[in-house]
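Good morning, and thank you for making the time.

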Amino acid sequence: MAMASVQFSPLARPPSAATVSSASRRVGNRWPCRLKTAFVPHSSLRALAVAGTGNGGIGERTDDLPLIEDGSIDVVDHKQEIDGTKVPERDFSDTPYVPVYVMLPLGVINMNCELVDPDGLLQQLRILKSVNVDGVMVDCWWGIVEAHHPQEYNWAAYKRLFQIVRELKLKLQVVMSFHECGGNVGDDVHIPLPHWVAEIGYNNPEIFCTDSEGRRNPECLTWGIDKERVLRGRTAVEVYFDYMRSFRVEFDEFFEDGVISDIEIGLGPCGELRYPSYPAKHGWKYPGIGEFQCYDLYLMKSLTKAAEARGHSFWARAPNNAGSYNSQPHDTGFFCDGGDYDSYYGRFFLNWYSQVLIDHGDRVLSLAKLAFEGTCIAAKLSGIHWWYKTASHAAELTAGFYNPCNRDGYAAIAAMLKKHDCALNFTCVELRTLNQHEDFPEALADPEGLVWQVLNAAWDVCIPVASENALPCHDREGYNKILENAKPMNDPDGRHLSAFTYLRLSPV
């Protein structure tokens, strides 16, 4: 996103008012900046990024990045041509404003619940404020706040952080992070689940998601204990609710004065509504199809009950021909074209597996809506775009998205979110299918097709859709793709993203 490219040195002064005014007028008169990334003067960043008018349209040519020195920028009038044809510039004038947020570093608060380098963070936040970023996103880690004893919460560092954000007149997107940090792409710190939960898991490892080999994944708790009193007398859903209610009471002033704009509810690994089907810690590598994660005692009981209710008790098992983490669909009997995924049993199993996930989201969000009454809540979906061009969509199936080529697996999720007036936050809006084909042709990926399907599933039920980039993005091509998804061209209904969050604040 544009803001990521604004790289003022902490010691350099921002552009002067005269420089900004002059540059803004030129942009308004359609004088395109010769920018490799999407730097614009800070006063017009909103206008040129997602929200506003003028330059920064789809299909602009990549040119050299001008040196930014002593607050000045180089603005050059030149024609953009591809194969001798001038590329029309997209005009964002009179289009709705889309707020832009930036994710804070994962380790901004350490395991002792201390704010790490507050002075350095303040300096970075001032830079974000200077380029008119609307706010920041921060994870409130369960493993830090309720680390040692049930219902003993330490919010001290978060209160200090929120005060800094408020003083700078920035907004906050807050994530209720009920998952472990570490071991996934982009994780640069390790934040486990609370110690007291780990102690319970040591004696009862069935509380964790489990694969066919019996390997436990402590990234998050299995949905099977949502209603089981195995957490020292509380169910998992009760634990999540108590945590959310404590946060709401502790930070009441930040809700009342509007600093906290919305709350994202963690519903699984990486805070996403999905099974932990592709964990690197168990050897998964892109573009492996992943594995089903339903082998804990509690989910197997649920499967048995569902099979008996269907009248086929012998269906109380997970597929035995679904391959392993790094298999490809055509190498398995379950996911290959014409495979068992589309058999009577396969349809039964996949419907149960996906419904358990949706029911988990339904239960947690119903209590989140109660805890945060009057505040916007959101749920995050992962963009599992690999194998999207195959019939089975194997990687989506193992993650709990029942979305083969002959079924819309995201409509039911969107309907569940609609029930709770919950916004959808979706990833990978910066990815291009062509690039994926060039880098990993064997993956048969289609991020653009997936984004289009998911956004429309949400828009069809009239829920807000926010988004973020899946991977670090500093290039013009990714920036333009984000713009394209933020405000789809020629949409007769004028639909657009409700917000965009950039991953992630860093020196780069």
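Strand E4 is the element that gives the most to the lining of the largest pocket, namely three residues; strands are DSSP runs (E, at least two residues) and helices likewise (H or I, at least four), numbered from the N terminus. This is a predicted model, in which local features need pLDDT of at least 70, side-chain atom pairs count only at pLDDT 80 or more, and totals for chains, interfaces and linings use all residues. Residues are numbered from 1 along each chain as its sequence is written, and side-chain values use heavy atoms, with hydrogens and water left out.

In total 49 residues line the pocket, and Val185, Gly186, Ala470, Leu471 and Leu503 lie nearest its centre. By class, the lining comprises 24 nonpolar, 13 polar and twelve charged residues. Here Ala, Val, Leu, Ile, Met, Phe, Trp, Tyr, Cys and Pro count as nonpolar, Asp, Glu, Lys and Arg as charged, and the others, Gly among them, as polar.

I turn now to the helices. The angle between H7 (residues 236-250) and H10 (residues 344-371) is about 25°, and their axes, lines fitted to C-alpha atoms over the stretch in contact, are 9 Å apart. H7 and H10 are therefore roughly parallel, a term for angles under 35 degrees, on a scale from 0 to 180 degrees between N-to-C directions. Among the residues in contact (heavy atoms within 4.5 Å) are Tyr240 and Phe241 of H7 and Val364 and Leu367 of H10. The contact divides into nine nonpolar, one polar and three charged residues.

Conventions: Angles under 35 degrees count as roughly parallel, over 145 as roughly antiparallel, 65 to 115 as roughly perpendicular and the rest as oblique. On a 1 Å grid over the protein atoms alone, a cavity is a set of points where a 1.4 Å probe fits but cannot get out, and a pocket is an open set with protein on both sides within 12 Å along at least five of seven lines; lining residues have an atom within 4 Å of a point.
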